[in-house]
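Here are my notes on this one, point by point, for you to read with the model open.

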Amino acid sequence: MSIPAITLNTGATIPQVGLGTWPLDDAQAADAVAAGIEVGYRHIDTATKYGNESGVGEGIRRSGIAREELFVTTKLDGQFQGEDRAIEGMRAALERLGTSYVDLLLIHWPLPQRDEYVSTWRTFEKLHTDGLARAIGVSNFKSAHLTRLLAETDVVPAVNQIQIDPAITRLEQRAYDDAHGIVTQSWSPLGGGSGVRSLLGSPVIVEVAERLGRTPAQIVLRWHVQQGLVVIPKSSDPARLAQNLDLFSFELSPDDMASIATLDEGPDAGVDSDSTGH
Ligand code: A2P
């Protein structure tokens, strides 16, 4: 299966569909990553906070696929913010992953109350210059946080990974990211955790899925990729892993997109990163 690639502001490309790994433990992540690579995933998303980087590394080794064929993302959480702490965080993450570089390193949360994301970003710029992170980006950043980075630092984030699904559309944030050449990635693209059943079971999604002969998850993931978003659905089920990659041989019509747009819960839906994170 051929997965389209999106070009980052570094010139590198990122496969538009990746494998999410939260909340898998090491053993589950190793199995999911090996199974995912086998069915065609070449983009894997983890984070130090998930506690499964060793498992992700194990799954990559088990797959037998060459490192340079893969796009690997990790994220450093609050304990690695400020005063060059990200250097040690990156070193330990690379050791757990068993690789000498990541393709993308993200600040996991802005934690604006700590006010350390700008100094952390300068450390990320060093990690990028040193080749340990081929691209650097952020997660859960709002426009105000990005505006500070753009004003006070040198490297424009390659990616902003935020919570997006048909109920949590983040239209303004996506427009901001687009205007600055920042690729938006959707975390929990299926609605995640407890929400997943209600989104995938919603009559609008089920109606489109039945009409097109696809699963509700494929309809929701197609909604993302058709808008140029990069998605990282998590599954540990081999059949779902394959299904979640199979998004490029059908299309949602403008009418389908309009029906799905009725699920939008407005600009305040979803996690508020000014008051959440770690
Ligand atoms: P499972 O791992 O049992 O497949 P998100 O990536 O939005 O956080 O969603 C992850 C959740 O969605 C997990 O509970 C996962 O369960 C479930 N999921 C992943 N793919 C599918 C699919 N194709 N159909 C139904 N549920 C799915």
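1. Begin at Pro23, which you'll find in the loop between β3 and α1 (26-39). Most peptide bonds are trans, hence the flag. Do keep in mind that this is a predicted model.

2. Arg170, in the loop between β8 and α6, has a positive phi, near 50°, and is not a glycine. Ser188 is another non-glycine residue with positive phi, near 45°. Ser188 belongs to the loop between β9 and α7 (195-200), and at 21% relative accessible area Ser188 counts as partly exposed. For context, most residues other than glycine have a negative phi.

3. On to the sheet. It is open and built from eight strands, with parallel pairing and the order β3-β4-β5-β6-β7-β8-β9-β10. Which strands stand at the edges? They are β3 (19-20) and β10 (230-231): each has a single partner strand, so one side of each is left without a neighbour in the sheet.

4. At the β10 end, the partner is β9 (residues 183-187), and the two pair in the parallel sense over two bridges. If you want a contact to click on, Ser186 has Val231 of β10 as its bridge partner. Gln185 is also in β9, and this residue is buried, with a relative accessible area of 0%. The C-alpha atoms of Gln185 and Asp264 are separated by 18 Å, and the two residues are 79 apart along the chain.

5. Further along the sheet, β4 (residues 43-45) runs parallel to β5, and three bridges join them. His43 is opposite Phe71 of β5. Is β5 (residues 71-76) mostly covered or mostly open, and how many of its residues are buried? Mostly covered: six of its six residues are buried. Phe71, Thr73 and Lys75 point one way from the strand, while Val72, Thr74 and Leu76 point the other way.

6. Now the aromatics. The count of aromatic pairs comes to three. One of them is Trp109 with Trp187: the ring centres are 6.5 Å apart and the planes at 70°, so the pair is edge-to-face. This pair links distant parts of the chain, with Trp109 in the loop between β6 (104-107) and α4 (117-129) and Trp187 in strand β9, 78 residues apart. Both Trp109 and Trp187 are buried.

7. Another edge-to-face pair is formed by Tyr117 and Phe141, at 5.3 Å centre to centre and with 75° between the planes. Tyr117 lies in helix α4 and Phe141 in the loop between β7 (136-139) and α5 (143-152), so this pair ties together parts that are 24 residues apart in sequence. Tyr117 counts as buried at 3% relative accessibility, and Phe141 is buried too, at 2%.

8. Two arginines sit over rings, and I'd look at each. Arg67 lies over the face of Tyr101, at 4.0 Å from the ring centre. Arg222 has its charged end over the ring of Phe250, 6.0 Å from the centre of that ring.

9. Last, the second largest pocket. Its volume is about 480 Å³, and 21 residues line it; the closest to its centre are Lys142, Arg170, Glu172, Gln173 and Pro267. Arg170 is the residue from point 2 with phi near 50°. Two elements give two or more residues to the lining, β8 (159-163) and α6 (171-179). Which of them gives the most? That is α6, with three residues. By class, the lining of this pocket has seven nonpolar, eight polar and six charged residues.

Methods:
Residues numbered from 1 in each chain as written. Predicted model: local features only at pLDDT ≥ 70, side-chain atom pairs only at ≥ 80, totals over all residues. Heavy atoms only, no water. Pairing = 2+ DSSP bridges. Helix = DSSP H or I, 4+ residues; strand = E, 2+ residues; numbered from the N terminus. Phe/Tyr/Trp six-rings, centres within 6.5 Å; stacked < 30°, edge-to-face > 60°. Buried < 20%, exposed > 50% of the residue type's maximum accessible area, 1.4 Å probe, protein only. Lys NZ or Arg CZ within 6 Å of the ring centre and 35° of its normal. 1 Å grid on protein atoms, 1.4 Å probe; cavity = no way out; pocket = protein on both sides within 12 Å on 5 of 7 lines; lining within 4 Å. Points joined across faces, edges and corners; volume = space filled by probe spheres on them. Nonpolar A, V, L, I, M, F, W, Y, C, P; charged D, E, K, R; others polar.
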